[in-house]
Amino acid sequence: MDVVIRNANLADGRRGVDIAVEHGRIAAIGPALPLAGAREIDADGDLVSAPFVDAHFHMDATLSYGLPRVNASGTLLEGIALWGELKPDLTQQALIGRALQYCDWAVARGLLAIRSHVDVCDDRLLAVEALLEVKRLVAPYLDLQLVAFPQDGVLRSPTALANLKRAIAMGVDVVGGIPHFERTMADGAESVRILCEFAAEQGLRVDMHCDESDDPHSRHIETLAYESNRLGLHGRVTGSHLTSMHSMDNYYVSKLLPLIREGGVAAIANPLINITLQGRHDSYPKRRGMTRVPEMLAAGIDVAFGHDCVMDPWYSLGSGDMLEVAQMGLHVAQMTGQDAMRACFEAVTTTPARILGLEGYGIAVGNHADLVLLDAADPVEAIRLRAARQLVMRRGAVIAESPRAHARLNLPGRPEQVNFRLNR
Ligand code: FE2
């Protein structure tokens with residue numbers, strides 16, 4: 001064997017197993033495997049997980065915080081306006097440089113697959129060209145899936161639809177949209193129909209920014225689920241954000257959730273962004289604004305947590321750490337039960353992997369030897385500690401290592417020095 005990892009816990013609850021790796025794939029999993037590895041790694045009872053997956057990101061905007069100025073109000077609409085100011089000054093070289101830097105951050109934190117939206121409302125399609133180049137450059141170590149995203153509205157912006165089709169022809173993977181940003185509800189619904197029909201024709205996946213507002217009457221997710229059903233797109237359609245669902249009438253939601261399930265539509269909440277941008281116009285009490293995560297999970301709908309933004313016009317924080325995203329999602333959705341906390345870990349690993357359609361993903365024999373050794377015993381502890389990624393493996397090669405978190409205390413009145421693994 002090329003590598004054998006000893007005494008690992010797995011996210012599905014198995015404890016103390018060995019994982020053998022050969023030719024970039026997982027060759028065997030089991031207790032005390034009688035196999036020798038050219039490299040032996042002692043997991044020492046720590047968690048080995050499949051890599052983190054971010055199903056919703058904006059890599060064309062990332063790490064641009066402060067360019068050309070900061071978002072003074074911190075609101076979504078000022079963020080969109082600020083992005084509009086920045087766009088004419090973007091250069092391919094700067095875009096590629098920032099995206100590659102972010103991918104380095106991601107890899108260090110065990111994040112090895114990202115679905116990124118890329119704005120197609122600039123007629124030069126500069127960001128599309130740049131991110132296609134980034135996708136090619138990072139392919140050996142990170143799966144980057146791109147969504148053609150008409151930020152200014154596919155009907156509202158005169159060249160957006162043609163640009164979106166050009167971007168798809170250039171190699172962008174997924175059809176995006178933003179129905180709530182079109183001029184009327186009717187235009188929003190029409191944009192969903194046009195884009196889903198285009199995706200069906202082309203055999204592509206769909207991922208729309210959908211109902212990202214606190215308006216309980218923003219119901220484009222209903223149209224998206226209906227079109228997915230009508231066009232047979234089950235399993236290939238995602239509604240991102242869906243924050244208006246937080247404020248909808250409960251009776252209406254009781255009809256909506258089965259429709260989403262029947263349409264085979266997945267949902268992506270973006271907890272860090274939703275909790276900072278939604279409810280901004282409320283007095284007290286303020287709504288949280290995140291979509292109804294536990295209710296959708298209970299209805300059998302796939303729900304992932306996305307990062308959405310890191311240091312860009314919309315969000316000045318973030319670091320590519322999907323455990324931070326999971327931790328915020330857990331708190332905002334009040335998912336503190338044992339099963340619910342484990343579901344939050346799945347929302348940044350297996351569920352987004354399914355949404356992206358990743359091939360050979362997961363800790364199972366025959367899959368790619370892509371994995372992360374965390375400084376935690378199980379998924380709940382990983383979220384609690386935002387555990388260090390001791391080791392990140394891609395196709396059987398160790399591509400990142402970080403030390404365990406240790407503390408050394410010299411306390412007044414305590415003669416002995418205290419050493420321990422931080423908070424364990
Ligand atoms: Fe987004």
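The exercises below concern salt bridges in a predicted model.

**Exercise 1.** Classify R14 and D12 as buried, partly exposed or exposed, and state how their side chains meet.

Solution.
- Step 1: The side chains of R14 and D12 form a salt bridge, with an N to O distance of 2.9 Å.
- Step 2: R14 has a relative accessible area of 36%, so R14 is partly exposed.
- Step 3: For D12 the value is 53%; exposed means over 50%, so D12 is exposed.

**Exercise 2.** Determine where D46 and R421 lie in the chain and whether each is buried or exposed.

Solution.
- Step 1: A salt bridge joins the side chains of D46 and R421 at 2.8 Å, N to O.
- Step 2: D46 sits in the loop between β4 (39–42) and β5 (47–49), while R421 belongs to strand β18 (residues 418–421). The pair is 375 residues apart and links distant parts of the chain.
- Step 3: Buried means under 20% relative accessible area. D46 has 0% and is therefore buried; R421, at 18%, also counts as buried.
- Step 4: D46 and R421 belong to a network of salt bridges that also includes D44, D375, E381, R384, R404 and R424.

**Exercise 3.** Locate R354 and D302, and classify the accessibility of each.

Solution.
- Step 1: The side chains of R354 and D302 meet in a salt bridge of 2.8 Å, N to O.
- Step 2: R354 is in helix α12 (residues 350–356), and D302 is in the loop between α9 (293–298) and β13 (303–305), 52 residues apart.
- Step 3: R354 has 47% relative accessibility, so R354 counts as partly exposed. D302, at 26%, is partly exposed.

**Exercise 4.** State how many salt bridges the structure holds.

Solution. The count is 35.

Note on methods
Residues numbered from 1 in each chain as written. Predicted model: local features only at pLDDT ≥ 70, side-chain atom pairs only at ≥ 80, totals over all residues. Heavy atoms only, no water. Salt bridge = Lys/Arg side-chain N within 4 Å of Asp/Glu carboxyl O. Buried < 20%, exposed > 50% of the residue type's maximum accessible area, 1.4 Å probe, protein only. Helix = DSSP H or I, 4+ residues; strand = E, 2+ residues; numbered from the N terminus.
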